[in-house]
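Biologist: Before we discuss any terms, could you put the model on the screen for us?

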Amino acid sequence: MNTTMIWTGIVIYIVIAIIIALLSRQGKQSNMTSYFLGDRKLGGFVSALSYSATTYSAFMLVGLAGLTYSGGVGALGFELIYLMGVSLVAFFGPRYWLVGKKYGYVTPSQMLGDRYQHRGVAIAVAIANGLFLIPYSAVQLAGIGYLLQGVSNQAITFSTGVIIATLLAIVFSYIAGIRSVAWTDSLQSLFMIIGSTLVVIFLVNKLGGISGFFSQLETHSPEMLTVPGNGFFSFWTFLGLTIPWFFFSISNPQVSQRLFMPASLKSMRQMLIGFMIFGFIYTIVAITWGFTAFILNPGMENADLATPFILSSDAIPSVLAVIVMIGIMAAAISTIDSILLTVSSLFAKDVYGNIRKNSNDQTQLKVGKIVIPIIAILAFLFAELQLNLIAVLSVASSAGLIVVVPAIIGCFFWKKGTAAGVLSSVIIAGLLVCILEIFQLNPLGIASGLWGLSVSTILFIVISLLTKAPKQKADEFIDYIKNEMKRINA
């Protein structure tokens with residue numbers, strides 16, 4: 001791909017995105033709710049596109065395409081199970097929204113701290129979330145680095161791509177908080193879905209139509225259409241990848257925090273429907289790209305270069321390739337800036353706010369803004385390590401975040417859950433996942449996420465049964481949700 005054309009596309013994208021971010025500014029953005037939740041007034045259409053752009057990032061069109069290139073059709077099963085997991089939003093979403101409005105929660109960990117009546121819960125969950133989200137942010141940065149490096153044939157270095165992404169994520173986060181992020185997300189989503197779908201049409205046409213596409217796979221690489229196929233997707237590998245991703249919509253705070261933002265439950269339903277449509281199309285797109293890269297160039301050492309290979313091939317018109325490249329880049333940035341805002345709000349509200357008990361909302365907002373570039377720099381340094389296989393690293397982050405799931409479910413449905421149960425499950429299971437990931441251990445052939453979820457569930461239940469639950473708060477919290485859900489569904 002022509003380097004001048006790439007730089008021209010990047011400059012045009014930056015100008016348009018900054019203009020939209022500036023236009024999105026409303027009000028003074030002078031408190032935590034306004035800056036991090038958009039005053040809980042996001043409409044359904046913007047929520048759907050922003051939720052999609054935040055969820056589907058470099059992981060999808062770079063990572064999932066690479067996973068398909070490495071393991072074949074098992075990647076499709078992995079992603080479809082994730083889509084099934086998004087149905088959890090239909091169940092938990094209204095509950096998050098109801099208690100968010102009633103109690104004024106800004107972060108999911110703030111909700112847990114209040115529900116279990118213990119500041120330590122909010123602090124521990126916030127720190128655990130931040131710890132595991134920094135590698136996930138780095139994955140997005142690395143995705144952009146690989147993308148620009150690949151499509152420019154090394155003319156643009158990996159580090160240049162990472163630096164551009166880091167700076168843009170910081171700028172978009174600062175301009176208007178979640179409002180600028182949501183509106184730039186919306187623009188990016190539309191670019192992505194239209195451009196990437198057009199690429200699929202060109203690719204399938206080049207390979208002789210749909211029948212020709214599958215015929216080539218069946219003839220030359222039939223193992224790519226079976227599970228475990230070439231051996232990449234063994235049963236335990238598949239399970240280890242899919243289970244953490246199944247709970248993504250409630251375990252990842254940059255996503256679950258968005259359940260506090262819709263203006264109404266109707267807006268939330270529109271968000272969910274829009275996301276499911278977007279997700280299904282995007283899944284087919286990413287899988288097709290991975291298969292096509294394998295058909296055209298089966299010998300690549302780094303599977304994450306499958307997408308750059310597709311976009312720089314002669315099968316795609318240059319202008320379309322640049323548009324899609326910008327779309328992927330924008331998507332990755334949309335995930336990073338969302339994570340920057342979420343982690344900074346976690347630190348400001350749940351860590352700083354609980355340690356400095358007398359701090360007010362404005363002070364916490366200032367702290368949150370100070371933290372944004374610090375987190376971005378940490379993610380940048382992590383990305384510079386250039387660890388391979390983006391999708392696997394993304395799942396490793398989700399494996400760490402999944403240890404909070406038992407506490408989240410207990411928060412809404414189990415009155416006997418206690419702060420001691422939450423703290424033991426999050427801290428011990430979180431440390432276990434860290435050790436397994438750092439030393440690349442799979443005891444009994446089982447992945448870290450499965451160990452993390454199993455240990456955290458057992459600890460949460462057992463320790464809770466041995467300690468005293470905050471009965472008054474549990475009754476108030478759960479009974480309120482139960483009564484409101486009855487009223488809504490009546």
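**Cavities and rings**

Modeller: A search of the whole structure finds 3 cavities of 30 Å³ or more. This is a predicted model, in which local features need pLDDT of at least 70 and side-chain atom pairs pLDDT 80 or more, while totals for chains, interfaces and linings use all residues. Residues are numbered from 1 along each chain, and side-chain values use heavy atoms, without hydrogens and water.

Biologist: What makes a set of points a cavity?

Modeller: On a 1 Å grid over the protein atoms alone, a cavity is a set of points where a 1.4 Å probe fits but cannot get out, and lining residues have an atom within 4 Å of a point. The lining of the largest cavity includes Tyr-96, Pro-108 and Asn-129.

Biologist: Why is the pair of Phe-246 and Phe-247 called edge-to-face?

Modeller: Rings of Phe, Tyr and Trp (its six-membered ring) pair if their centres lie within 6.5 Å, and planes under 30 degrees apart count as stacked, over 60 as edge-to-face and the rest as tilted. Phe-246 and Phe-247 lie 5.2 Å centre to centre with 90 degrees between the planes, so the pair is edge-to-face.

Biologist: Why does Phe-247 count as buried, and why does Phe-246 count as partly exposed?

Modeller: Buried means under 20% relative accessible area, exposed over 50% and partly exposed in between (1.4 Å probe, protein chains only). Phe-247 has 16% relative accessibility and therefore counts as buried, whereas Phe-246, at 25%, counts as partly exposed.

Biologist: How do you know that Lys-473 lies over the face of Tyr-103?

Modeller: A charge sits over a ring if NZ of Lys or CZ of Arg is within 6 Å of the ring centre and within 35 degrees of the ring normal. Lys-473 lies over the face of Tyr-103 at 4.0 Å from the ring centre, and Lys-102 also lies over the face of Tyr-103, at 5.5 Å.

Methods: 1 Å grid on protein atoms, 1.4 Å probe; cavity = no way out; pocket = protein on both sides within 12 Å on 5 of 7 lines; lining within 4 Å. Points joined across faces, edges and corners; volume = space filled by probe spheres on them.
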